[in-house]
Amino acid sequence: MISEARLKTILNKFREQCILVIGDFYLDAYWYIDKTRSTLSLETPWHTNPVVEQRYSPGAAGTVTNNLKALGVGAVYTLGVIGEDGFGGTLLDCLQASGCLTDFMVQVPNWVTPTYLKPIHRGYEGVETEGPRFDIENQSPMGPEVEAAVTDALHACLPLVDGIIVGDQMPLENLGVVTSRVRDVLCESALAFPEKIFFADSRTRIGAYQNVIIKPNRFEAKRAIQPEWRGQQVDIEAAKQCALTLAAQTQNTVYVTLGENGILVYHNGAFTHIPGIPIDDETDPVGAGDSVSAGLVSTLCCFGTNAAVEAAYVGNLVASITVTKIGTTGTAAPAEILERHRSFENL
């Protein structure tokens, strides 16, 4: 636990930071379907899905940028690859509308803008439910010229920022923005710029990163060191063993998120467990990990790795707010963070 005065100091310094988010930017597309207006098609044996409302927002790496801007971070740069399609233009518009700097985004004709299409079905008397998601993703690797454009943009942006967050979302190797070559350049850059915070979050390749701070959840950490593992439980002691192994590979701080049990920090050869924050409200975990990343890295950019434990506490606070925002990928403002801290402090 940190004092309220210290937390205010941390939050106030966010506006001085510049952070780059590089990786897989998706467009979250919410299509609201009014089933009460559905009719039987004259040409097919199917009932129609009348879309009466559309809502779009940045997802995946874009969820991190949403959280950074909500926290008040001064400048947020984005580096990803999008197609020259309608979804790509919408994604750029959404990023710019939230205040992100998109100068380093790479737009190419032969690339599909990754999109999560989420149909929301509405019925009588306000009944509403989300249907199965449609995932639009690339099915072939990026060409070497696009890969070079990404690494060139990275080198151009690095001098401008205090921290770099890698959002490695695509589950299949070399089909997303963070290819093995881009990952190597990022890891090399971490050695070349030791004064900057390099932080990686990856669902399936977290064990491939070196020289950077990493933040797997307990299951990702277990699978990183034991790929054949198919279990359902990872307790804190098992998470510690995973963190030790991963820290030996990365030679840097390791955070392991533990769901409702908080965050495990391994820094400078010592473990610290930041307990979870009790929440009485209904929760939705979608985007929780990205909100932790935003709070963590913003704090580390302010005070360096000496604030590794404080950063985990701030990340924990941010996630405890975003998970209570049902039906949307939530964010947390500084005022909300202070209020949650006060309520936790009084438990």
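Let's start with serine 57, which sits in strand 3, covering residues 51–60. Keep in mind that this is a predicted model.

**Serine 57**
- Is serine 57 buried or exposed? Its relative accessibility is 18%, and buried means under 20%, so serine 57 counts as buried.
- If you skip the neighbours within four places in sequence, serine 57 is in contact with Tyr26, Leu27, Asp28, Tyr30 and Cys94.

**Strand 2 and its partners**
- Strand 2 takes in residues 25–34, and nine of its 10 residues are buried, so the rest of the structure largely encloses it.
- On the strand 3 side, the pairing is antiparallel and runs over nine bridges.

**Glycine 276**
- Where is glycine 276? Look in the loop between strand 15 (270–274) and helix 8 (288–303).
- Glycine 276 has a relative accessible area of 18%, and it is buried.
- Leaving out residues up to four places away in sequence, glycine 276 touches Glu260, Asn261, Gly262, Asn316 and Phe344.
- Glycine 276 and leucine 172 are 104 residues apart along the chain, and their C-alpha atoms are separated by 31 Å.

Technical notes:
Residues numbered from 1 in each chain as written. Predicted model: local features only at pLDDT ≥ 70, side-chain atom pairs only at ≥ 80, totals over all residues. Heavy atoms only, no water. Helix = DSSP H or I, 4+ residues; strand = E, 2+ residues; numbered from the N terminus. Buried < 20%, exposed > 50% of the residue type's maximum accessible area, 1.4 Å probe, protein only. Contact = heavy atoms within 4.5 Å. Pairing = 2+ DSSP bridges.
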